[in-house]
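Subject: Structure for your review

Dear colleague,

Please find below the structure that I am handing over to you. My findings follow it.

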Amino acid sequence: MMTTIYHAKRIITMNPSQPEATHIAVRDGRILAVGTEESMKDFVDASYDSRFENDFLLPGFVEGHSHALEGALWSYGYLGYFGRTDADGHYWEGLRSIEAMQHRLREYAATVDKASPIIVWGFDPVYFPNERLDCKVLDAAINDRPVVMFHANLHVLTVNTAMLKLAGIDQVEGIEGIRLGDDGKPDGELQEMAAMHVVFGALGYSIFDLVASTETLQRYARIARRSGVTTITDLYNPLTAEGVKALETVTADSRYPVRLVPAMAALNWSPEEGTARLYDCKSRGNDKLHFGPVKLMTDGSIQGYTARLKWPYYHDGSPNGIWNAPPQQLKDIVHHYHQAGIQLHIHCNGDESVELMLDAIEEAQELWPRFDHRHTLQHCQIMDHAQLRRAARLGVCLNIFANHLYYWGDIHRTRTLGFERCQRLEPLASARRLNIPLAIHSDAPVTPLGPLFTAWCAVMRLSASGVQLGEHEKLTVPQALEAITLGAAYTLRLDHLVGSLEIGKFADITVLEEDPLTCQPDRLKDIVVKATLVGGEVHDDN
Amino acid sequence: MTTIDYTLIPLTVIGGFLGAGKTTYLNRLIQGGLPKDALIIVNDFGDINIDAALIDYRDDSIIQLSNGCVCCTLGGTLAEQLAQALRIRAAPGAILIEASGVANPARIADIARISRRLRLAEVVCIIDGSRARQHAENPLIGEAWQTQLAAADKLLVNRLDPADRQESEKWLKQFNSWAHIEYEIERTPDSVRTQPSPRLLKPKAKRLSSHGHWHTFSLSGRTRIDKERLETLIAAYQEVLFRAKGFLLAEHSSSTELLQFSGGRLHWQSALRAPQETRLVFIGIAGERFSHFEQAVQGLLRKSASSEIVLTSEPAAK
């Protein structure tokens, strides 16, 4: 039996009995021992590996809320305002002007087969409030073949004139979601089902079809690995037969660099079918594939004005958001899965949907009391304090969308939520004060995957324009590091296997070139991830 | 448009709130005969009643719509699924879409308005006449309900006392002044019983588990139940009933009551924090006797339900 001992400048363990160490011994993919140099002498046959001697080791990061769609989107060109690294380590510079966007579009189009339409993603018009983005802007870059540009929210798209013609909607009017220009003709901005339908119909496929492929899962894992993640969710997986097969295939490879936790999309199945599906899948897991949770979507997003808010609703007076399914049906689903002994991850962005879901969980607990259910509210961006106390009483975990502070903080401050609610936007410190199990997340591809960046958001609470939102809700660096490791592992019911460096757990380690505990907190996001170990296997760029 | 191209596939959208009777309506259309190879898209397979009479209906002609995420289109959406269906199948003779209880049917109808292959046949909105005012004023779903009404070409009202029609019509017109209003012909209580609406008194009788020699069934709904009759039933079948638990919305009582039955003893208490509906779970010894009990309990629900229809159709606004 091979034992390897790594030593480092400092090992941050998340083990309260031994928070720090310098040496870690690995055998058979698991942690054999953590401790001092002296303590390692007991393992006489061990080999020593010094490659991380100048580095800092942490438990492998756990991303508790992201989507494999991240892996699918990198099949296409990226046009976002913020820079982003793809699966092959190529950094796509953020685009700060329309001209830069057009330039990138031309560059990217040159790499795509002439017969194919050009598909790009990530553009966010929110950052160009004075520009009218329409088909003419795209035509100026490319006019001889169809272009489809998904906005950052993946909900709205802008197409060029060639695509309008291909879809047969260059002349229509009076259809909601097909915006008209000054000349009374469609100007290229499309949303809603009808427009999506004709675009997907004309393309002959949907970009979302790729999500279940092994190639997507491979790419997803490479992106995760680069950001130091060793356990990652796919938090809305339909668990189709094809999808499950792909999950099994990739995780059977010993070199696959992450553990996957797919959460079953509740609304894809009736509760009875869903329960049966999940039990069927459970026996098909392995060390790198953990079935179990269910994901329920309740409302939309705050920046998209589709989240359900309590009075006084949206700061700028926009109408309240929409439910993803009838509220009673959402509650019924919670009751069903709770009773069946299954853990629920529940997307609720707005505080009204939080209220509905706390009601549902409270009723479920009255009917079928369950200890340690670990139902987790996801995003829960503007929970109020009474709701936080109630969540604590009900044993609910929170996985809070910390990245929002940076990416949409300015929008929330000025348009959607206003000053006071932004003081408790992402109420991280309050969750800790109430001892609520806490994780933080990126929701990739909605924002880029990167737990160190997410931790930076939780600690600094700065918006993209540099405004600090809610200083009383800042996490300390150790708290933020716990939220991206053991905290997230707890919400996935995997805290006995990953999330800390302790004897017996999987040897999942993230290697950093700087010490997150002693560097300036503002540097957290800039720390380089040198490598990860998953089950003792080293994964790095070499 | 001056000429209608009859080679276009007609699309019908069926809207209406949860429990309004969309599935019942759809079932009736299926039984009444649909064009050859009609494609039906429903929200929740669990709700559609594919019984023996429909066995000829091809299974793959019903698509269960998987709800995507409203904020980021993760997973399938109606638009994608419909596009995919039209790519891979021979053209269906008609398409019927059962909209989700919170969807805006107008957005679905738009698909037919711009598609080269579809034409809009009709947008129907089913309305539960006994609960319409409640739905309209509900702070959580009132807006969605009103939007659904406004999108319809035809309003189909059920569970309404004929005496209330005039009043109801006036009230409905404020949400949609142009739609054609039709009433479902009231059935005798007998026929109501054979066609329970899907959600209101859905005797789910969910077979939660049937493993070993245990059998479990559950009931839920907003119908009020005669408490004494339930007590009588439990007493009569207690030799096969191990455990019963849950909330009961009892007749002639304003609060929900918590029922506990174990060790042969029945215990009631009022429940302070409980859903305003009946939710009961029964666990017993699987077998004929327990099946009888299950049927008897369901019968209780139906009896109560028909009495509810009478109750709620009493002149509320007179």
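Two residues are counted as in contact if their C-beta atoms, placed from the backbone, lie within 7 Å. On that basis, 71% of the contacts in chain B with a separation of 6 or more are between residues 24 or more positions apart. Please note that this is a predicted model.

Chain B has 318 residues, of which 42% count as buried. Its secondary structure consists of nine helices and twelve strands.

Domains of chain A

The domain assignment divides chain A into domain 1, covering 95–208, and domain 2, covering 213–534. Taken over C-alpha atoms, the centres of domain 1 and domain 2 of chain A are separated by 31 Å.

The six-stranded sheet

One open sheet of chain A contains six strands in the order E7-E10-E11-E12-E14-E13, and its pairing is mixed. Strand E7 (77–78) and strand E13 (178–180) of chain A form its edges, each pairing on one side only. E13(A) is joined to strand E14 (residues 186–191) of chain A by two bridges in the antiparallel sense, and A:Leu180 stands opposite A:Pro186 in E14(A). Helix H2 (residues 98–109) of chain A packs on this sheet, where it touches E7 and strand E10 (118–123) of chain A. The direction of H2(A) makes about 145 degrees with that of E10(A). Helix H5 (residues 192–203) of chain A also packs on the sheet, touching strand E11 (147–151), strand E12 (156–159), E13 and E14 of chain A. For H5(A), the angle between its direction and that of E14(A) is about 105 degrees.

The eight-stranded sheet

A further open sheet of chain A has eight strands with parallel pairing, in the order E6-E15-E16-E17-E18-E19-E20-E21. E6 and E21 of chain A are its edge strands, and each pairs on one side only. Direction ignored, neighbouring strands of this sheet are turned by 20 degrees against each other on average.

Strand E16 (residues 259–265) of chain A is mostly covered, with seven of its seven residues buried. Five bridges join E16(A) to strand E15 (residues 229–237) of chain A, and the two run parallel. Within this pairing, A:Asn237 stands opposite A:Met264. The chain passes from E15(A) to E16(A) through helix H7 (residues 241–251) of chain A, in a right-handed β-α-β crossover. E16(A) also pairs with strand E17 (residues 294–297) of chain A, in the parallel sense over two bridges; here A:Lys295 in E17(A) is the bridge partner of A:Ala265. Elsewhere in the sheet, E19(A) and strand E20 (residues 397–400) of chain A pair in the parallel sense over four bridges, and A:Thr376 has A:Cys397 in E20(A) as its bridge partner.

A residue in the crossover helix

A:Ala246 lies in helix H7 of chain A. A residue counts as buried if 20 or more other C-beta atoms lie within 10 Å of its own; A:Ala246 has 20 such atoms and is therefore buried. Leaving aside neighbours within four places in sequence, A:Ala246 is in contact with A:Ala212, A:Ser213, A:Thr214 and A:Leu217. A:Leu217 is 29 residues from A:Ala246 in sequence, with 7.9 Å between their C-alpha atoms.

Because twelve of the 17 residues are buried, H10(A) is largely enclosed by the rest of the structure. The buried residues include A:Asp351, A:Glu352 and A:Leu367. They pack against helix H9 (327–339), strand E18 (344–348), strand E19 (376–379) and helix H11 (385–394) of chain A, together with strand E9 (241–249) and strand E12 (278–285) of chain B.

Helix H16 (residues 451–460) of chain A is also mostly covered, with ten of its ten residues buried. Among them are A:Phe453, A:Trp456 and A:Cys457. The elements covering these buried residues include strand E6 (61–63), E15, helix H12 (404–407), helix H15 (428–433), strand E21 (438–440) and helix H17 (477–491) of chain A. Just after H16(A), A:Arg461 takes a positive phi of about 55 degrees.

With kind regards

Note on methods
Residues numbered from 1 in each chain as written. Chains lettered and ligands numbered in written order. Predicted model: local features only at pLDDT ≥ 70, side-chain atom pairs only at ≥ 80, totals over all residues. Domains from an automatic or database assignment. Pairing = 2+ DSSP bridges. Right-handed = clockwise from strand over helix to strand, strands pointing away. Axes fitted to C-alpha atoms, helices over the stretch in contact; angles between N-to-C directions.
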